[in-house]
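I opened this entry to record what I looked up, one topic at a time. The coordinates go in here, and my notes follow.

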Amino acid sequence: MSLSRITRSTVFCAAILTLGVSGYACAPSGKGASTTNLVAGDAASRVYVAPGSYDEYYSFLSGGFSGQVTVYGLPSGRLFKQIPVFSQFPQTGYGYSEETKAMLATTFGQVPWDDSHHTELSLTDGVPDGRWLFINANNTPRIARIDLKRFETVEILQIPNAAGGHASPFATPDTKYVVSATRFSVPIPQADVPIASYKQNFKGTLTFVTANQPGKMDVAFQIMMPGYDYDLGHAGKGPSDGWFFFTTYNSEQANTKLEVNASQADKDYIAAVNYRKAEQCIADGKAKKFGGSYVHNVVDPKTGVASSETKTGVTMLYPADCDGLVYYLPTPKSPHGVDIDPSGEYIVAGGKLATVIPVHSFTKMLKAIADKQFEKTIDGIPVLKYEAVIAGEVQKPGLGPLHTEFDGRGNAYTSMFISSEVVKWKLGTWEVLDRIPVYYSVGHIMIPGGDSRKPYGKYLLALDKITKDRYLPTGPEGSRSAQLIDISGDKMKMLLDFPTMGEPHYAQAVPASMLQPTSVKFEKLSENGNPFVTMAESDGGITRHGKRVDVKMIAIRSHFAPDILEGIQVGDTVYFHVTNIEQDWNIAHGFAVFGANNSGLTLPPGETRTLKWIPQAPAVYPFYCTDFCSALHQEMQGYVRVSPAGSNVALMANTSHTAQTAALGAEVKLNGAKHVVSATGLR
Amino acid sequence: MATQLLAACPMHRTHRVTMSVAPRLLTAIASLSLIGLFFLPLWRVQLVAPQYPEGLGMRIGISSVRGATPNDLDNINGLNHYIGMQRISADAIPELRIMPWIVVLLIAGGLAAAVVGRRRVLYAWCLGFFTFGAAGLADFWRWEYDYGHNLDFEHAIIKIPGMNYQPPLIGVKQLLNFTAVSWPDIGGWIAFVALALALAAVVIVMRSHGQGRCPLHGAHHA
C-alpha cells in the first residue's frame, strides 16, 4: 500500500512538474491521503442492500464514449440498466429496428455513435422533478430526452451551427430551456477556410433549446460568441434565476497545440448570459435570421415509432446588438466546471490550472454591471473587473480543480483531478474542511440534487478517469472506477468502489421514491398504435407488395404465430413486425433470424418491433426467441422458407401449429375458444 | 338449520302478528347491505409463485369474474394453456347472468319482510337467503372442480398423471409452482354478515313470540 502511495505521489509530482506549476508542494495530497485512506469501519453495512431490498437512490451516469446512459442504484452501486441514447445498441435492437433507426438521424445521415457527456434531470422550481433526463452528444452536437417512466430515449434534437456540444444539456430551474455551447469553435456558417484564419473566421455559439414540452424540443435562439472553447455551464437559481453561466478556455484563440497555446493567459472567462434579456431583444426585433440545418427525431408516443424532421434556420443574437445580454467574468485559469451554489449567490469555477478555486458573487456581479466596472469589451461583451466580481478564493485546495457540488449545509465539494482527491470547503469562509483521496484522477463528482436548490447531502459519487490497480486487471482496456463517499458527517468516509460502463462524465440522482412508483411495467396492448401491430394470435399473417413482404407476428409464451412462413423469394425485403402480446410485468421475448445482417430484437411486453431482413440465398431459415421467456422457451421458434426469385411457391403463413394441419373450414379449439380455419388464419 | 327454525316455532304459537322494530330494522339493514354485492367481489382467489411475487388474482362477483389487475385473468388463462385448462371467462358461466336478479329478489323480499312485519314472510325470506348462499357456494365449487379436472389432455403441454388443478373453496392449496389461496372477499363478508343479521332477526322474533321457550334459539347456537 505504502509503495503504491509513494508511486502515486511521484506521479502527481511528475504531473505538476509537467504542467509547470512551480512552487506548489505535493504535501496536501500526500497528507490528506495518509489520514483518510481507511475505509469507514461500518462501510459494508452502509452500502449493503439486502437481496430483495431496494436502493435509496436512482443514479444516472453518462456513458461518455459509449454514447449511452447507465442507471445504478445507490448506495449499492448495482447496475440496473443501460439506456441506449446516441449509439446503436444491438442488445435491444435500438438503432437497428425500423422503429428506432430514425433516432440516430442527423444532417450527416445516420450517425451510429456518439460521446455522451452530461446527464441533467428536468427541474421544477430548481429541484429535480423526475420527469425526464437530458443528455448531450459532444461529437455531433445533440440533446436527448429520456422518459423516466419508461427509462427510454424518446427525443433527440441536433444542434446546428455548432461543433463539440460539451456545455450541455444543463437546464434552467423551470426546464424552459436546456443549453448547448460549442466546445470547438468553427466557421459559422461552416466554410472552407484556412485553419490559420481562426481568429478571423471561427466563432462559438450558445444555444438555448426549448425543453418543457416532450416531443417539441427546438432551438429557441442562438448567441454568436467570440471563437473560444465553451466548456461547461449551469443556470442561475433563486436571485440569479434568469442567468446562465458558461466557462470558456482558449481565449487565446489558438488553433493548434492548444495544450500549450491555450494555457498562456492567466485568466479566461465565465460568460454570464441574461437569457430573459435575450427573450426581450428577440421580442424587440434585435435578433437576426440565420441559416443552419438540424434534425429533430421523436418517438410518437402512440405508435412507438421514431420519425425525423429536418429543420432549417435559427434565430441568432449578437451580443453587440443586445445590450446587457452577455458579460465576461475573468476567471483563472482555463476554467472547466461552473457551479452555482443552492442559494444562487455563488458562482464557483473549476479553474483546472488555477492554484485557487475562484468564487464569484452574483450580487457583486450585478453591482459591477450597474457601476460599469468594465476592463474592456470583446465583440460587444463587456469584461467585468475580476476584483469587482470575486467573492473569495479557496486557497491551496489541491491540484486541478474541475467540478463542485453542494450538500445544502453550506459546504462545497470540489474534485481535484491532478491531486486525485475530493476537497470539502466552506462557502463564505472559503476554508478547506476536509479532503479524501479518490482512485484515480477524479473528473465529475455528484451529490444527489447537488447542483440543485435542494441537495440530498448524504452521499457523494466520485467519477474517476483512471482505474489502474483498483480491480482485477482485464488487459489493457479496463473500466472507469467510481467511489461512493459518505458526506453526512464532518469527515468524508469512503464507502464503496465500483466499476462503471464507458466513461461517466457527469451523473444525476434522485430518491428512489420519485421514480419507483411510476415506472411502467408493460405497455398496454390496447394502446399500441404501431401501424403493424398484431393484437391477437389469429391476426398474424404475411402480405406481399411487390418486392416488399410484411410479416405480422405475435410472440407469447411459448410460441410465435405464425411460425411457418413460405413464399418469400431472393430479392425480397422482409419486414418482421413482431408484437409481444404479453400483458405481464417483465415477460419479454426476443426475435432473431438466422444469417440476418442486422441485430436481434428485444420485445418488451405490449410492444411491436420491426426487423428488416434481406435474405441472400434460397434456404430454410430458423428464427427463434432470444430472451429466455418461459419453461418452453427452447421450443419458441419457427422457420422461413426462401425460394429463388420467380419461384411459384405460394405465399403462406400459418397462424398456429393447429392451423397448419387443419383443413380449411375446420373447427379448431384453441385456449378453450373455438376457431374456424380460413385461408388467412383462424376466425 | 333454517327449516328447523321454522319447524320449531310453529305458527299456532303466534300471539302477535307483526314484529317489533328491532328485527324489522335488522332485516332492512341486511337487505340493503346486499346492494354492496353489485359493486364488491364475493370471493378472491390469489395465486403466488416464485416468479410471481406480486401474485395473480381473480375476483368473483355476482355477475363477473375479473382479474385483480386488468390483465391478471388473461395472464392466468395464458399460464393455464400449459396444463390444458379451459379459458376462464364470465361469458362461459350462465349463473353469473342469473345471480344479480336473485340478489334483487333477496333485497326486495327482505325489505318487504321488514315493511310487512309478518313473521312468516321473514322466515321464508331467511330460508331463501340461506338456500341461495349454500347453493351459490356449491355451484362455485362445481365450477372449480370443472376447471380443475376437465383438462384438454390432447393439447396440454404439462401432463401430470393424477394431478388436478382445482383451487380450494376456502383455504390454501399448492398447484404446481403456484400457491392458490381462496377466501371470501368484501362482498362475501357482507353476505355472511347480512345472513347473520337475518338469523338474528329470526331469533329475536322467535324469542319474543315463543316467550323465550322457542328451542330453536338453542339450536342456532349449537
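I began with Ile485(A) and listed what touches it, leaving out residues up to four places away in sequence. The list holds Val422(A), Ile436(A), Tyr459(A), Leu460(A), Ala462(A), Met492(A), Lys493(A), Met494(A) and Leu495(A). I keep in mind that this is a predicted model.

Next I asked which residues have the most contacts inside the largest nonpolar core. They are Phe246(A), Val273(A), Val422(A), Leu461(A) and Ile485(A). That core has 140 residues. So Ile485(A) and Val422(A), which touch each other, both belong to that group; a core of this kind is built from buried residues joined through C-beta atoms within 7 Å.

**Sheet in chain A**

I traced an open sheet of 4 strands in chain A. Its order is β3-β2-β1-β34, and the pairing is antiparallel. Which strands form the edges? They are β3 (78–83) and β34 (507–511) of chain A, and each pairs on one side only. From one strand to the next, the twist averages 20°.

I looked at the pairing of β34(A) in detail. Strand β1 of chain A, residues 57–62, is joined to β34(A) by 5 bridges, and the two run antiparallel. Leu61(A) has Ala507(A) as its bridge partner in β34(A).

**Chain B**

I counted 7 helices and 5 strands in chain B. Read from the N terminus, the elements run α-α-β-β-β-α-α-α-β-β-α-α. Of the 222 residues in chain B, 30% are buried. I also checked how far apart in sequence the contacts reach. Among those between residues at least 6 apart, 66% join residues at least 24 apart.

**Contact between the chains**

Last, I looked up the contact itself. Chain B gives 9 residues and chain A gives 8 residues. I sorted the chain B side that touches chain A by class. It has 1 nonpolar, 6 polar and 2 charged residues.

Notes:
Residues are numbered from 1 along each chain as its sequence is written. Chains are lettered from A and ligands numbered from 1 in the order in which they are written. This is a predicted model: local features need pLDDT of at least 70, side-chain atom pairs count only at pLDDT 80 or more; totals for chains, interfaces and linings use all residues. Two strands pair if DSSP finds at least two bridges between them. Axes are lines fitted to C-alpha atoms, for helices over the stretch in contact, and angles run from 0 to 180 degrees between N-to-C directions. Two residues are in contact if their C-beta atoms, placed from the backbone, lie within 7 Å. Ala, Val, Leu, Ile, Met, Phe, Trp, Tyr, Cys and Pro count as nonpolar, Asp, Glu, Lys and Arg as charged, and the others, Gly among them, as polar. A residue is buried if 20 or more other C-beta atoms lie within 10 Å of its own, exposed if 12 or fewer, and partly exposed in between; C-beta atoms are placed from the backbone.
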